Amino acid sequence: MRVLVIGGTGFISSVVVHQLYRQGHSIMIVHRGQTQAELPAGVQQALAKRTQLPDYLQEFKQFAPEVVLDMIPNGEQDAQTVMQAFEGIAQRVVAISSGDVYRAYGRLIGIEPGPADPVPLNEQAPLREKLYPYRDRGAAGQQQEWMQTYEKILVERTVMSHPRLPGTILRLPMVYGPRDGQHRLFPYLKRMDDHRPAIIVEEGTAHWRWSRGYVEHVAAAVVLAVTDPRATGRIYNVGDEPTLTIAQWIRAIGDVAGWHGTIVSLPQAQLPEALRSKINTNQDLVYNTARIRQELGYQELVSLPEALAQTIAWQRASPPSAIDTDLSDYALEDAVLAEV
């Protein structure tokens, strides 16, 4: 197949490109040149911002992609630009979305009232009623531009409602692995490598569950959606099974990292503000992934210990450039542990 990828150099998208290339597909990526990645020699590249896509229509027509994969649509305008640019050129658009579209996410972060939604969430679960979940969140002056326009619900509506260009949507989980720019394992791994005897977790957080996906697995799900025509017009949840609690997740990391300390779970009232959860831990965020497994044959490629081993090795070699001072306030943690 001929696949055009918008993105292609990022944490997940570079893995997708490598997997597509190994399968023998012809690939063109369109990116801004701001993220560096080692790409196969046969991959065509075009340096362009999303707003410049209409300026490259001749090149796109010449490449004649059967599928356009949009890895980074942030909001409605992003999706509209892609659908307008590739109508009459491509046969289908696959767009990357997120599990944050669900109403459960709104209840998790406290922007929507109501009791916790039951999990696992399938693709028909209620979506958020409040749009733009990151607007006006955080301290004044810390709002980034993307936070004002980010809304995957509007991306999905735009892609799936186009009258002439069919779409496919993938709702991704929390993704971890080598090159994870959010360094999701780092807060735990730092404590483990600093030989902390215990890791303190609020009781609610210890039992909270959030679907995760190893980057190679998530990329494989994306490749399946791109290359299988049965994905046309479909929405898929993506995630690895089983979904561990935070306490189980920390223990799994520790087992691979060689840490044999204790996970100490304490009520919120016994914790200082810095160690308290900022989310509604009564609302799990677990996705039902049966549809993509049954329809497209998605399955995990490696075991959890192997995935964690790869991630830990990378994280140890690539710590974040700036480390939150709260991550090393061990005096505060020692004081809490001394009280209990």
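1. Helices (H or I, at least four residues) and strands (E, at least two) are DSSP runs, numbered from the N terminus. Ala 219 belongs to one of these, helix α9. This is a predicted model, in which local features need pLDDT of at least 70, side-chain atom pairs count only at pLDDT 80 or more, and totals for chains, interfaces and linings use all residues. Residues are numbered from 1 along each chain as its sequence is written, and side-chain values use heavy atoms, with hydrogens and water left out.

2. Is Ala 219 buried or exposed? Ala 219 is buried, with a relative accessible area of 0%; buried means under 20% relative accessible area, exposed over 50%, and partly exposed in between (1.4 Å probe, protein chains only). Leaving out residues up to four places away in sequence, Ala 219 touches Ile 12, Val 15, Val 16 and Gln 19, where contact means heavy atoms within 4.5 Å. From Ala 219 to Phe 11 the separation is 208 residues in sequence and 9.9 Å in space, C-alpha to C-alpha.

3. Helix α1 is largely enclosed by the rest of the structure, because seven of its 10 residues are buried. The buried residues in α1 are Ser 13, Ser 14, Val 15, Val 16, Val 17, Gln 19 and Leu 20. They pack against β1 (2-6), β2 (26-31), β4 (67-70) and α9. After α1 comes Gly 24, which has a positive phi, near 95 degrees.

4. The second largest pocket has a volume of about 280 Å³. Its lining has 15 residues, and those closest to the centre are Val 15, Pro 178, Tyr 214, Val 215 and Glu 216. Two or more lining residues come from each of α1 (13-22), α9 (215-227) and α12 (304-317). Which element gives the largest share of this lining? It is α1, with three residues. On a 1 Å grid over the protein atoms alone, a pocket is an open set of points with protein on both sides within 12 Å along at least five of seven lines, a cavity is a set of points where a 1.4 Å probe fits but cannot get out, and lining residues have an atom within 4 Å of a point. Grid points are joined across faces, edges and corners, and a volume is the space filled by probe spheres set on the points.

5. Asp 180 sits in the loop between β7 (174-176) and α7 (186-193). Asp 180 is buried yet has no salt bridge, and the nearest side chain of opposite charge, Arg 184, is 4.2 Å away. Here Lys and Arg count as positive and Asp and Glu as negative, while His and the chain ends are not counted. A salt bridge is a side-chain nitrogen of Lys or Arg within 4 Å of a carboxyl oxygen of Asp or Glu. A polar atom of the Asp 180 side chain lies 2.9 Å from the backbone nitrogen of Gln 182. Neighbours within four places in sequence aside, Asp 180 is in contact with Phe 11, Val 175 and Trp 314.

6. How many salt bridges does the structure hold? There are 19. One of them joins the side chains of Arg 291 and Glu 123 (3.9 Å, N to O). This pair links distant parts of the chain, with Arg 291 in helix α11 (residues 290-296) and Glu 123 in the loop between α4 (103-109) and α5 (145-149), 168 residues apart. Both Arg 291 and Glu 123 are buried.

7. The side chains of Glu 333 and Arg 191 meet in a salt bridge (2.4 Å, N to O). Glu 333 is in helix α13 (residues 330-339) and Arg 191 is in helix α7, 142 residues apart. Glu 333 is buried, with a relative accessible area of 2%, and Arg 191 also counts as buried, at 9%. Not counting residues up to four places away in sequence, Glu 333 touches Arg 191, Arg 196, Ile 200 and Leu 275. Glu 333 and Ile 200 are 133 residues apart in sequence and 7.4 Å apart in space, C-alpha to C-alpha.

8. Glu 295 forms a salt bridge with Arg 234, with the closest N and O atoms 2.6 Å apart. Glu 295 lies in helix α11 and Arg 234 in the loop between α9 and β10 (235-237), 61 residues apart. Glu 295 counts as partly exposed at 25% relative accessibility, as does Arg 234 at 27%. Elsewhere, salt bridges that share partners join Arg 191, Arg 196, Glu 333 and Asp 334 into one network.

Key. Polar contact = N/O pair within 3.5 Å; in protein donor to acceptor, adjacent residues only side chain to side chain.
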